[in-house]
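User: I would like to learn how to read a protein model feature by feature, with the general idea before each case. Could you take me through one?

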Amino acid sequence: MIQSFAHLSPLPFETCWTSPANIAFVKYWGKKGHQLPANPSVSLTLKECVTTSKVTFLAGEKLSVELNLEGTRKDSFGIKIENYLRSLETMIPWVKNLKVKIDTSNTFPHGAGIASSASGLSAFALALTDYLYFMKPDSDPALFHRQASFLARLASGSACRSVYGGFVTWGMSHLEGSSDEYACPLEVHPELSHLLDSVVVVSDQEKKVSSREGHARLNEHFFAEARYAQAKNHFRKAIDALKAGDMEVVGSILEAEALSLHAMMMTSPDSFTLLKPNSLLLMDMVRTFREETKLPLYFTLDAGPNLHLIYPYSHRNKIETFINNELTPLSQRIITDSRGEGPQKC
Ligand code: 2P0
């Protein structure tokens, strides 16, 4: 923990947080220790794709969580939060006496290639931090977001980056103040401060292999060490290019990272493929468009078949005409988002 909240006993409290999803430019794929990343990552926090969670904390006989998603009780998610809270018991012993009710909703559809775990679990970690600060009012306000990022990481790695807006890094690196335990905001060149992300949804089917399982498959992977070395190298180059405003270098790393991520999946001992034929077709079309027009349009992928197309706001007219005219027929839907300012208390 960043601060100690050990010796308290539960009081009633209610809060509400809206927290965004993020898209990684350099990927977190592979862990060490307990929820610590094998390499540093950097992501862009989105604006429109958010989770809003109203959370009520009450004193109870034993730990219990009731979670409603879009007004419908979702016990599978409730159990995940309950297990997460139980995992915090050594740091916060009184979680075992908490009764928690969560009413949550997303602005984006399930299976759209936007990780609801990052937005949902960061929203919950922020609500929990808000509660801890209420319980211990002399807590340091300057450490609020760091504390929330630390707690979000323990719920889901990528969630720790959603606690801040704009570009965000997570993981020990050459950057001052970096840590494996929590994320940090990153200042970038003004040219790259307004990027757009059009998500081309190829398939909204449930993934065959969860991200948690995907991370685990790196443990026995023949290329794991080489992948971590590549990610560290990409991270350094991406940071330099983001600070210099060099979209060409940022874009080339973006695509290389997406392809490495999926290559690791396909070459793992227990191989799996999340890409679909249209994912490959779309990548090819994006590269051909870029070669022909010299416009800065690049793709990346999350752990799924859907493409995130990244481009500067200043070039949106021609690029969005291409996306709408040429790519729409190959997709189920397209969701356009942009750089966001980070979570908000509602
Ligand atoms: C990322 N992903 O950096 C990478 C890129 C997916 C592909 O972080 O086990 O849900 O909950 O810590 O954060 C997805 O993994 O995994 C992820 P856990 P998480 O965004």
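Predicted model: local features only at pLDDT ≥ 70, side-chain atom pairs only at ≥ 80, totals over all residues.

User: Let us begin with the ligand. Which residues come nearest to the ligand, and how many residues are around it?

Analyst: A residue joins the shell when one of its heavy atoms lies within 4 Å of the molecule. Here 17 residues are around the ligand, and those that come nearest are Tyr28, Lys31, Ser156, Gly157 and Ser158. Sorted by class, the shell is made up of five nonpolar, seven polar and five charged residues.

User: Which parts of the chain supply the shell around the ligand?

Analyst: Both domain 1 (3–187) and domain 2 (193–338) take part, each giving at least three residues to the shell. Looking at secondary structure instead, helix α4 (residues 211–216) provides the largest share, which is three residues.

User: Which side chains place a polar atom by an oxygen atom of the ligand?

Analyst: The cut-off to keep in mind is that N or O atoms within 3.5 Å make a polar contact. In this model, a polar side-chain atom of Arg212 is 2.8 Å from an oxygen atom of the ligand, a side-chain N or O atom of His215 is 3.0 Å from a ligand oxygen atom, and a polar side-chain atom of Gln35 is 3.3 Å from an oxygen atom of the ligand. As for the cover that the protein gives, the ligand taken alone exposes 470 Å², and the protein buries 94% of that.

User: Now the aromatic rings. How is a pair of aromatic rings described?

Analyst: One describes a pair of aromatic rings by two quantities, the distance of the centres and the angle of the planes. In this structure the count comes to 14 aromatic pairs. Take Phe5 and Tyr133, whose ring centres are 6.1 Å apart and whose planes stand at 40°, so the pair is tilted. That pair links distant parts of the chain, with Phe5 in the segment before β1 (13–26) and Tyr133 in helix α2 (residues 116–135), 128 residues apart.

User: Are Phe5 and Tyr133 buried or exposed?

Analyst: The rule is that under 20% relative accessible area a residue counts as buried. Phe5, with a relative accessible area of 1%, is buried, and Tyr133, with 12%, is buried as well.

User: What kind of pair do Phe222 and Phe223 form?

Analyst: Phe222 and Phe223 form an edge-to-face pair, with 5.7 Å from centre to centre and 70° between the planes. Phe222 counts as exposed, at 78% relative accessibility, whereas Phe223, with a relative accessible area of 39%, is partly exposed.

User: Which residues form an aromatic cluster?

Analyst: Phe13, Phe57, Tyr84, Trp94, Phe124, Tyr131 and Phe134 form one aromatic cluster.

User: Finally, what does the side chain of Ser198 make a polar contact with?

Analyst: The side chain of Ser198 makes a polar contact with the side chain of Thr336, at 3.0 Å. Ser198 lies in strand β10 (residues 195–201) and counts as buried, at 1% relative accessibility.

User: And where are Pro37 and Val100 placed?

Analyst: Separation in sequence and distance in space can be read side by side for both of them. Pro37 is in strand β3 and is buried, with a relative accessible area of 1%; Pro37 and Lys27 are 10 residues apart in sequence and 9.9 Å apart in space, C-alpha to C-alpha. Val100 is in strand β7 (residues 98–106) and is buried, with a relative accessible area of 3%; Val100 and Gly60 are 40 residues apart in sequence and 8.9 Å apart in space, again C-alpha to C-alpha.

Key:
Residues numbered from 1 in each chain as written. Heavy atoms only, no water. Polar contact = N/O pair within 3.5 Å; in protein donor to acceptor, adjacent residues only side chain to side chain. Areas by Shrake-Rupley, 256 points an atom, 1.4 Å probe, with all protein chains shown as cover. Helix = DSSP H or I, 4+ residues; strand = E, 2+ residues; numbered from the N terminus. Nonpolar A, V, L, I, M, F, W, Y, C, P; charged D, E, K, R; others polar. Domains from an automatic or database assignment. Phe/Tyr/Trp six-rings, centres within 6.5 Å; stacked < 30°, edge-to-face > 60°. Buried < 20%, exposed > 50% of the residue type's maximum accessible area, 1.4 Å probe, protein only.
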